[in-house]
Amino acid sequence: MKICVISEYSHLLSKGGTEYYTELLASGLAAHGCEVLIVCRGSRYVDVETRIVATENGSYQVKLLPADRYSKDEVQQQVISRTWPYINSILHAFQPDVVHVHTLSTFFNIRHFEVLTQLFRNVISVSYTHLTLPTNREV
């Protein structure tokens with residue numbers, strides 16, 4: 001199974017909860033025979049950087065996209081962010097069975113999901129977002 005994990009943050013460049021989670025997810029899936037690709041922000045160059053991460057029981061690929069600043073319209077989700085052409089090209093080349101998005105952000109947001117579900121109709125799309133559910137007292 002081919003699984004693409006999309007997250008703004010990379011464990012190769014910073015350490016935090018999202019980075020830790022996506023690293024564990026990719027390592028675990030690769031150990032079970034999945035072909036895993038993480039797409040994230042962080043290239044120091046004007047183009048996409050590709051890195052192979054070797055783990056104890058396999059390996060996975062990381063695509064680092066250029067770390068451009070976002071416009072106000074991109075941040076407010078009025079337009080799809082400039083990351084889409086890169087992500088779209090990567091998805092077409094990789095042809096994943098599952099796209100797992102960790103934490104919606106300007107890097108990959110609801111606008112991206114709208115296009116993703118139209119272009120990749122046979123791909124299962126999953127998103128994980130940190131939300132606090134209201135308690136009975138807050139409802």
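Entry 1. I began at Asn 109 and listed its contacts, leaving aside neighbours within four places in sequence: they are Glu 74, Gln 77 and Leu 104. I note here that the model is predicted. I placed Asn 109 in the loop between strand 5 and helix 4. Is Asn 109 buried or exposed? Its relative accessibility is 0%, so Asn 109 counts as buried.

Entry 2. I went on to Gln 77, one of the contacts of Asn 109. Gln 77 sits in the loop between helix 2 (72-75) and helix 3. Its phi is near 60°, which is positive although the residue is not a glycine. With a relative accessible area of 27%, Gln 77 is partly exposed.

Entry 3. I then checked Gln 95, in the loop between helix 3 and strand 5. Gln 95 is not a glycine, yet it has a positive phi of about 55°. Its relative accessible area is 44%, so I put it down as partly exposed.

Entry 4. Next I looked at helix 3 (residues 84-94) and helix 4 (residues 110-119), whose axes come within 12 Å and cross at roughly 30°. Angles under 35 degrees count as roughly parallel, and the two helices are therefore roughly parallel to each other. I recorded the crossing of helix 3 past helix 4 as right-handed. Which residues meet there? From helix 3 they are Trp 84, Asn 88 and Leu 91, and from helix 4 they are His 112, Val 115, Leu 116 and Leu 119. I sorted the residues of this contact into five nonpolar, two polar and no charged.

Entry 5. I turned to the largest nonpolar core, which has 19 residues. Ile 6, Val 39, Ile 87 and Phe 108 touch the most other members. I found that at least two residues each come from strand 1 (2-7), strand 2 (35-43), helix 3, strand 5 (98-102) and helix 4. Helix 3 gives the largest share, five residues. Another core lies apart from this one; I counted 13 residues in it, including Val 5, Ala 26, Cys 34 and Cys 40.

Entry 6. Last, I looked up Ile 87. What is Ile 87 in contact with, leaving aside its neighbours within four places in sequence? I wrote down Ile 6, Val 39, Leu 65, Phe 107 and Phe 108.

Methods: Residues numbered from 1 in each chain as written. Predicted model: local features only at pLDDT ≥ 70, side-chain atom pairs only at ≥ 80, totals over all residues. Heavy atoms only, no water. Axes fitted to C-alpha atoms, helices over the stretch in contact; angles between N-to-C directions. Helix = DSSP H or I, 4+ residues; strand = E, 2+ residues; numbered from the N terminus. Parallel < 35°, antiparallel > 145°, perpendicular 65-115°, else oblique. Left-handed = near helix turned anticlockwise from the far one by under 90°. Contact = heavy atoms within 4.5 Å. Nonpolar A, V, L, I, M, F, W, Y, C, P; charged D, E, K, R; others polar. Core = buried A, V, L, I, M, F, W, Y, C linked by side-chain atoms within 4.5 Å. Buried < 20%, exposed > 50% of the residue type's maximum accessible area, 1.4 Å probe, protein only.
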